Amino acid sequence: MEGLTHVQTVNQDAVVTTDAEQPKGRAIVITSGKGGVGKTTTTANVGAALAARGLSVALVDADVGLRNLDIVLGLESRVRYHLLDVLENKVSLEDALIRDKRSPNMSLLAASQTREKDDVDTEKMRLLVERLRAQFDWVLIDCPAGIEAGFRNAVVGAQSAIIVCTPEVSSVRDSDRVVGLLPRDLEPRLIVNRLRPHLVRRGKMLSVEDVNAILRLPLLGVVADEPEVVVATNRGEPISLDPKSQTGSAYRSIAARLCGEHIPIERPRVSFFARLGTLFGGR
Amino acid sequence: MFELFSRFFRREGSSTTAKERLRLVLLSDHLALAPETVEALKNDLIAVISRYVKIDPHLCDVSFEQQAATVAMHANIPILGLLADRAAAEKATIASETTPANSEHVSAQP
């Protein structure tokens, strides 16, 4: 009996120090510097894959003024309130979060389309992410392109970072710059996106190794440039929810690695038609 | 089969060009982002050259420029005259083939 009482006291202490001061969730910012490399698609797909694992996920579109994440998720018709409404205390966080019906574990906080990035108060943004971390296992923040105010606000509440980079000179250069601007403790990890394995094989595209010889980041995943991603985005359905899709599987493994599983990075296969195409391709 | 066939037609791919361009552009970026390094290098250059000839540190200029195949350092160091005490200068060690010139052009080729 005495032993039991003792254990309970210790537990109560633990509750006070962990739950009240340390939110349970982890906040990750998805960034790249360069625009159009697939940050939003990555956020949506990794988020959906984490939710499919039974974890609660909040997606925050930090691209104020250029709202996109709702479109990629097919939730655009349900956006009523947005990030700035919450930051300015016009609505409650609960009212602004949109629960995804296909992924009930996942909620979206949409960006404001009619406001500007400078309207965001950095300190309020940090507190908001902290609140979300208290409610969700994962908070994914979709960072706007650029390295100005929008970038700083997207990064402020995050504890780790994902760099999305395509195998192009411009994207690698911008990723390199962004890594230099991120606070060191964010320990960025790399997703090489839109890889075309048949072009790499023919020496017409930078390989994952080429990209990471420059960036030198822990590799979180490799996602191929496949038409099915375009189709899924057209429909507003994350490809990571399609069990038959190879690209979806790449996103699911990224989610697994985020959860601490050690699974080898699978390399996208070269399809028959892609090989056929490169035989007759130029340089 | 495909491998064999495509290898037959293989030429050097454009990814090699991309890699080289990336290397140069990042070298330039990193230099531009480290002004204190550039300043330290400039001060060291001035110190070394002052051992041989008379220069005015305020007139010295060091800059970097990305060229087609390299990143080059330009050091424009006007020489005001010879040092009064040449003997001291000679003692200032370092076996070097430095020829005083009005403008030095050093290629920073890796």
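Everything I say concerns a predicted model, in which local features need pLDDT of at least 70 and side-chain atom pairs count only at pLDDT 80 or more, while totals for chains, interfaces and linings use all residues. Residues are numbered from 1 along each chain as its sequence is written, and chains are lettered from A and ligands numbered from 1 in the order in which they are written.

Staying with this strand, 5 bridges join β2 (residues 57-61) of chain A to β5(A), and the two run parallel; helices (H or I, at least four residues) and strands (E, at least two) are DSSP runs, numbered from the N terminus, and two strands pair if DSSP finds at least two bridges between them. Further along, A:Asp61 stands opposite A:Asp142 in β5(A). β1(A) and β5(A) also pair in the parallel sense, again over 5 bridges, and there A:Arg26 stands opposite A:Trp138.

How well covered is β5(A)? Of its 5 residues, 138-142, 5 are buried, where buried means that 20 or more other C-beta atoms lie within 10 Å of the residue's own, exposed means 12 or fewer, and partly exposed lies in between, with C-beta atoms placed from the backbone. In a regular strand the side chains alternate between the two faces of the sheet. Here A:Trp138, A:Leu140 and A:Asp142 point one way, whereas A:Val139 and A:Ile141 point the other way, and all are buried.

Leaving aside neighbours within four places in sequence, A:Ile141 is in contact with residues including A:Ile28, A:Val60, A:Val129 and A:Ala158, a contact being two C-beta atoms, placed from the backbone, within 7 Å.

Stepping back to the whole sheet, it is open, has 8 strands in the order β3-β4-β2-β5-β1-β6-β7-β8 of chain A, and shows mixed pairing. Its edge strands are β3 (98-99) and β8 (219-224), each of which pairs on one side only. α2(A) lies across β1, β2, β4, β5, β6 and β7 of chain A, at about 170° to β5(A), where axes are lines fitted to C-alpha atoms, for helices over the stretch in contact, and angles run from 0 to 180 degrees between N-to-C directions. α10(A), for its part, lies across β6, β7 and β8, at about 145° to β7(A).

Next, helix α8 of chain A. The 13 residues of this helix, 169-181, should span 18 Å at 1.5 Å a residue, and its end C-alpha atoms are 19 Å apart, which agrees; the expected span is 1.5 Å times one less than the number of residues. Its buried residues, among them A:Arg173, A:Asp174 and A:Val178, pack against β1, β6 and α10 of chain A together with α2 (14-32) of chain B.

Two backbone details deserve a mention. A:Glu187, in the loop between α8 and β7 of chain A, has a positive phi of about 40° although it is not a glycine, and is exposed, with 12 other C-beta atoms within 10 Å. A:Arg194, in strand β7 of chain A, has phi near 60°, but counts as buried, with 21 C-beta neighbours inside 10 Å.

Finally, the two chains and the confidence. Of the 283 residues of chain A, 48% count as buried; of the 110 residues of chain B, 3% do. Chain B has 4 helices and 5 strands and averages a pLDDT of 76, with 66% of the residues scoring at least 70, pLDDT being the predictor's confidence in each residue, from 0 to 100. Where pLDDT is low, the predicted coordinates should not be read in detail. The model as a whole scores ipTM 0.75 and pTM 0.79.
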